[in-house]
Number of protein chains: 2
Amino acid sequence: MLKNWIRPAKPAKDELKNRLKAAQAKLETQQMLLKDKKLPVLVLIEGWGAAGKGSIIGQIIKHIDPRFFKVFSMNAPTQEERRKPFLTRFFEKIPEAGKFTLMDSGWMDEVTKERLHGVLTDEMYAQRVDSVKRFERQLTDNGYLVLKFFFHISQKEQSQRISALVEHKDTAWRVSRGDVWQNHHYERCMDVFDRYMEDTNTPSAPWYIIDAKGKKFAELQVMETLCTGIDTALQNDSLAVPLLQNVFPLVKMPKLSQVPLKDKTLSEQVYKEELKKLQAQLGRLHNRLYRKRVPVVIVYEGWDAAGKGGNIKRLTGALDPRGFEVLPIASPSPQEKARHYLWRFWTNLPKDGHIAIFDRSWYGRVMVERLEGFCSENDWQRAYYEMNEFEQELHNWGAVVLKFWVQIDKDTQLERFTDRQNTPSKQWKLTDEDWRNREKWDVYEAAVDEMLQKTSTTYAPWHILESVDKRYARIKALKIVVAALEKALSAEA
Amino acid sequence: MLKNWIRPAKPAKDELKNRLKAAQAKLETQQMLLKDKKLPVLVLIEGWGAAGKGSIIGQIIKHIDPRFFKVFSMNAPTQEERRKPFLTRFFEKIPEAGKFTLMDSGWMDEVTKERLHGVLTDEMYAQRVDSVKRFERQLTDNGYLVLKFFFHISQKEQSQRISALVEHKDTAWRVSRGDVWQNHHYERCMDVFDRYMEDTNTPSAPWYIIDAKGKKFAELQVMETLCTGIDTALQNDSLAVPLLQNVFPLVKMPKLSQVPLKDKTLSEQVYKEELKKLQAQLGRLHNRLYRKRVPVVIVYEGWDAAGKGGNIKRLTGALDPRGFEVLPIASPSPQEKARHYLWRFWTNLPKDGHIAIFDRSWYGRVMVERLEGFCSENDWQRAYYEMNEFEQELHNWGAVVLKFWVQIDKDTQLERFTDRQNTPSKQWKLTDEDWRNREKWDVYEAAVDEMLQKTSTTYAPWHILESVDKRYARIKALKIVVAALEKALSAEA
């Protein structure tokens, strides 16, 4: 696309001025509509070094109320950021509903730089492109407006700008080594940029190439495209998105009603012995995976009073507190609700070598959010493959991903609820909502069955923990975790 | 995608039967909703030979009223079809609003066959992929539901099916030489299919891979995907589509108000001499382009009473009547209105070596349809690049594409209207609508200016014919046509 790009005709000075004024006025009006319609806008500005990306962002934000936007100048990832999946630092910065994020260089810059410097093999590059396309599609599918600009200047223009900047000590700092390198390898960069843009040019998040030779003209191009994009997006209030095939390697799961619970028990003695042995093993494994920098993500879902908390305790009891975190997931905060539903999980991923245990998780999307009508049918239908994609990102990053469904029957739950009610020290654990949820057991069970069928993948499988006897469930969980970590570590070695 | 495809779990017999029944009942209900919401559905079934594509189509249509669908079994293009742009025979078959088209093999089959048999170079293949993506995007952007299925069976399964079919004389005819060849070159075909599907797998027209080993199960997969797709599409009633960058090589055009008209005259004598000379030249060129099989598409647009008819007459006066056609474009018929707005032009393209002259054209979209509110703003905004894409298809096919805007000023129009009114033999040429349009001269002029700026490309440029002196305009048109044909023919030679 970049290679056969044709410079657009530049309007005469007067026309340019008038159109720019009109676009600026329009943007000022649009921000109120954006707020009302809760449209989040992500503006990504990529392009050649010294093409003037930053200064155009400076111009655009003059016409947006400061409460409604955030600007991020993205540099190379820090050491800390390199310990997370590569999309994390971009996902973290997505705007809230009704607001703007403007990004000065972003995931294109990172991927193409790594490509140019030989960090990414062909295969890794293809995986990055897939990740990027999924990321952008997940945003637009979930109601985000994503506008991607590429600021284009010629090699000669770039060289002149670099020289001019370097001459004055006030501006010399703005020229990076990368800019100079780029200018010396302009054709090679062009090849990689062109290919990347072809690979990621989708109808819902297309590329717009900006002729960045003239500052005012560049601003006009961006402003007009921005206004048009917002207009279009504002019209699509409650869009339904075509559902994609769930093309992940699925593991067949039984229906909950077919999972035998009665015989799944352990004597106190066996339990104690096993617990001691497994916790010791897990402790050793934890040290090894810390050294090998293997990240681990463990999800707990299950019926109320099924024993999730106690199960998690037995797991963490064996772990070094500096190397794990338990994340209890309640209903989302207003900041979380205003963003993509996976945002609060992307922002809480462990560093490599660490373990994150989610007490409830993103699967709320296809259980409570589905059943309570907090999202549309199209939303939760889409969520099955969106979550498979999310976990595939984790897997590709090198994480061990395990998911537990803690299972009890309806009678057991009633017993435990009654016990909680009658035991003052446990009363805090029982809420009216628990009773309400209990009434919907059957529809929940159907939703859980569907979830297990559609999201148990080879790389992030569900395991059912039979928890009528909590001891049995705890030992089973520990065994599964130990086996999975051993497997991952032996693959690493 | 095909290569790392994972076979879905097949449900148990009873479940399969129940789900199939449910899907069939659902489809029967949906067809009425489709009709009400005017949703057109294009179902493309591609896949391996002997995978059972035809018989599944047979099953699906049992649940659709015969008035609501058409089935097309596409074979290799005929000699006649090869004389049109390759998408023509597919575009011709798109459904009307509220109806289904089911296609047994289609554009994937054609492109991949040509790729496998070395007809398409890398470059031609890339161009085909671009054409296909644009075609599908233009359909979905214009409200079509496009569902693409690939029927997948293993090499062994295919081989067994072919053998079984060949054994009986009643079924032997169903095995083509192509099927046998495919089975012998299964891996090579897999490579090409996989690549094509990767290349054309877009969020708005994604691929669904069907496990075609079991007939009932294959039917279930198709039916359930079909129902889900229809449900989703029904929710998107008046979708606004992101506008893409108009990335075509544009030629700068003057504003109509800046086109001098007064001095553009010719004396009767010069006119006659030139006319004779140019018509003779054009006649000779027409023969040559017939032999060289160069197709020509000429568009006439212009003000009412500007002299389009007389201008076209001078052009056709030089042509062999067997080799050209004049297509007067009035408001669309109900069948035309019920389809993509370019359909009536795709279905009226000339054969190669022929000339089609459109007296008014697809540009109605951004003039009358825009100004009379016959389409949404999003529709006509999109139309600029959709028409540039359409003409690029014609250009890539090898056509000479020329577009004339026949220009007069407002006073001249009034004179001619008055003359028509006062001359009984010309009164039929003047309607009330002409007067009404005249009142909107200024908004029309702005729309025409925008059209000229945005759709005059190097490969399909607009030419303004100054027609206050009709003789001048006629000679200018002839000169432009002669020059363009000479250029095309010398490039051919």
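Predicted model: local features only at pLDDT ≥ 70, side-chain atom pairs only at ≥ 80, totals over all residues.
**Figure 1. Across the interface of chain B and chain A, the rule finds 0 salt bridges.** Strand 5 (207-211) and helix 9 (215-235) of chain B each supply at least two residues of the side of chain B that touches chain A. Sorted by class, that side of chain B is made up of 15 nonpolar, 8 polar and 2 charged residues.

**Figure 2. Chain B and chain A bury about 2,300 Å² between them.** Carbon and sulfur atoms carry 60% of this buried area, and the contact draws 25 residues from chain B and 25 residues from chain A. Pro203(B), Ala240(B) and Gln245(B) together account for 23% of the area that chain B buries against chain A, which is more than any other three residues supply.

**Figure 3. Helix 1 (residues 13-37) and helix 10 (residues 215-235) of chain A pack at an angle of about 35 degrees.** The axes of these two helices lie 9 Å apart, and the crossing of helix 1 of chain A with helix 10 of chain A is left-handed. Helix 1 of chain A contributes residues including Leu16(A), Leu20(A), Ala23(A), Leu27(A), Gln30(A) and Lys37(A), while those from helix 10 of chain A include Phe217(A), Leu220(A), Met223(A), Cys227(A), Ile230(A) and Asp231(A). By class, the residues of this contact divide into 13 nonpolar, 2 polar and 7 charged.

**Figure 4. Helix 6 (residues 155-167) and helix 8 (residues 177-184) of chain A pack at an angle of about 145 degrees.** Their axes are 10 Å apart, and the crossing of helix 6 of chain A and helix 8 of chain A is left-handed. From helix 6 of chain A, Gln155(A), Ser159(A), Gln158(A) and Ile162(A) meet Asp179(A), Val180(A), Gln182(A) and Asn183(A), which belong to helix 8 of chain A. The class count for this contact is 2 nonpolar, 5 polar and 1 charged residues.

**Figure 5. In chain B, helix 6 (residues 155-167) packs with helix 7 (residues 177-184) at an angle of about 145 degrees.** The axes of helix 6 and helix 7 of chain B run 10 Å apart, and the crossing of these two helices of chain B is left-handed. On the side of helix 6 of chain B, the contact is made by Gln155(B), Gln158(B), Ser159(B) and Ile162(B), and on the side of helix 7 of chain B by Asp179(B), Val180(B), Gln182(B) and Asn183(B). Divided by class, the contact of helix 6 of chain B with helix 7 of chain B has 2 nonpolar, 5 polar and 1 charged residues.

Definitions and conventions
Residues numbered from 1 in each chain as written. Chains lettered and ligands numbered in written order. Heavy atoms only, no water. Contact = heavy atoms within 4.5 Å. Buried area = accessible area lost by both parts, 1.4 Å probe. Salt bridge = Lys/Arg side-chain N within 4 Å of Asp/Glu carboxyl O. Helix = DSSP H or I, 4+ residues; strand = E, 2+ residues; numbered from the N terminus. Nonpolar A, V, L, I, M, F, W, Y, C, P; charged D, E, K, R; others polar. Axes fitted to C-alpha atoms, helices over the stretch in contact; angles between N-to-C directions. Left-handed = near helix turned anticlockwise from the far one by under 90°.
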